[in-house]
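Good morning, and thank you for the time.

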Amino acid sequence: MGEQWTTASMPDQRGRVALVTGANAGLGYETAKALAERGACVVLAVRDVEKGEQAAARMAGDVTVQALDLTSLDSVRTAAAALRSRLGRLDLLINNAGVMYTPKQITRDGFEMQFGTNHLGHFALTGLLLDLMLPVPGSRVVTVSSTGHRIRAAIHFDDLQWERSYGRAAAYGQSKLANLMFTYELQRRLAAHGTTVALAAHPGMSNTELARNTPAALRLPLTWLAPLITQTPAMGALPTLRAATDPAALGGQYYGPGGRNEVKGHPRPVTSSPASYEMAVQQRLWAASEELTGVKFPVAEAEGSPLTSGSAATT
């Protein structure tokens, strides 16, 4: 397909089951809406069920709601158990929900809010649902990152939860870098199995409520510049949708807007930062994430070994 990829480029999604986190507003809403319009059975995984039901009512097609609070591992496990009982298969897992530039907060499990929500919550959810996907040819895990993964971003293994000091932008960058490292390591582990693949996407500068925690000094200038440097949530969702549905998309690819500096435009494959491709760091992050969440993926530990089809284990 050409560079002008739009929702009209999406193949028919009838018969596919998709789960989209954070789907009651913004990018998640537009992603879920487009998938449902193309015929997929879509589950909106949201923290606020009432808002989720309101969002579902505005969508055409087969759309249901599942309670999910990514700031609580108990909620993630409860949601995964409910989904495993109601879904016979899962074709698409869209790890979309996220928070950005929050003041210093911790999740219910004691994790820094941005790292806990954006990375650890989705890591756990994916591990607990993956065996619904492994038997499904063409199934995909798509995790939404950000150009913020380049900004002051590193995985601070000596202080993952920012207990010694805290910077909003750096903590956000760590969480979004973790999203990419998770995707690349997951794809490496999936490759031998041959059915499920992992991809990532970013929306560029999209005008959504995600930026509500932007520091006050930047808020007014960004408001003035927004018409010039941002695109609509519908456009911002296109990289995710292309990663999820384009038959030509490959495991391990990263999609973003095709315009200058990946700020706006139609989606295309893009390249992430050099740091995101460091395999040793990816594997160390994976091990730390398993330890922190207590979720182990149905993936054989030996390099090159195929995935198993058993349930993910928790401790």
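**Overall make-up and interior**

The secondary structure of this chain, which is a predicted model, amounts to nine helices and ten strands. The chain has 315 residues, and 54% of them count as buried. Its exposed surface comes to about 13,000 Å², with 54% of that supplied by carbon and sulfur atoms. If we consider contacts between residues at least 6 apart in sequence, 72% join residues at least 24 apart.

Let me turn to the interior. In soluble globular proteins, nonpolar side chains tend to be buried together. Here, the largest nonpolar core holds 43 residues, and those touching the most other members are Leu 19, Leu 90, Leu 129, Leu 130, Ile 155 and Leu 186. At least two residues of this core come from each of β1 (17-21), β2 (41-46), α3 (73-86), α4 (113-129), α5 (168-190) and α9 (279-293). Helix α4 provides the largest share, seven residues. There is also a second, separate core of 31 residues, and its members include Val 42, Val 63, Val 65 and Ala 249.

Leaving aside residues up to four places away in sequence, Leu 130 touches Val 141, Leu 186, Leu 190, Thr 196, Phe 297 and Pro 298. One of these, Leu 186, is itself among the core residues that touch the most other members.

Now to α4 itself. This helix is mostly covered, with 17 of its 17 residues buried. From first C-alpha to last, α4 reaches 23 Å, close to the 24 Å expected at 1.5 Å a residue. At its start, a side-chain oxygen of Glu 112 comes to within 2.9 Å of the backbone nitrogen of Gln 114.

My last stop is Gln 13, in the segment before β1. Is this residue buried or exposed? Its relative accessible area is 2%, under the 20% cut-off, so Gln 13 counts as buried. What does its side chain contact? The side chain of Gln 13 makes a polar contact with the side chain of Arg 16, at 2.8 Å. Beyond residues up to four places away in sequence, Gln 13 touches Leu 35, Arg 38, Gly 39, Ala 40, Leu 92 and Thr 245.

Conventions. Residues numbered from 1 in each chain as written. Predicted model: local features only at pLDDT ≥ 70, side-chain atom pairs only at ≥ 80, totals over all residues. Heavy atoms only, no water. Core = buried A, V, L, I, M, F, W, Y, C linked by side-chain atoms within 4.5 Å. Buried < 20%, exposed > 50% of the residue type's maximum accessible area, 1.4 Å probe, protein only. Helix = DSSP H or I, 4+ residues; strand = E, 2+ residues; numbered from the N terminus. Contact = heavy atoms within 4.5 Å. Expected span 1.5 Å × (residues − 1). Polar contact = N/O pair within 3.5 Å; in protein donor to acceptor, adjacent residues only side chain to side chain. Areas by Shrake-Rupley, 256 points an atom, 1.4 Å probe, with all protein chains shown as cover.
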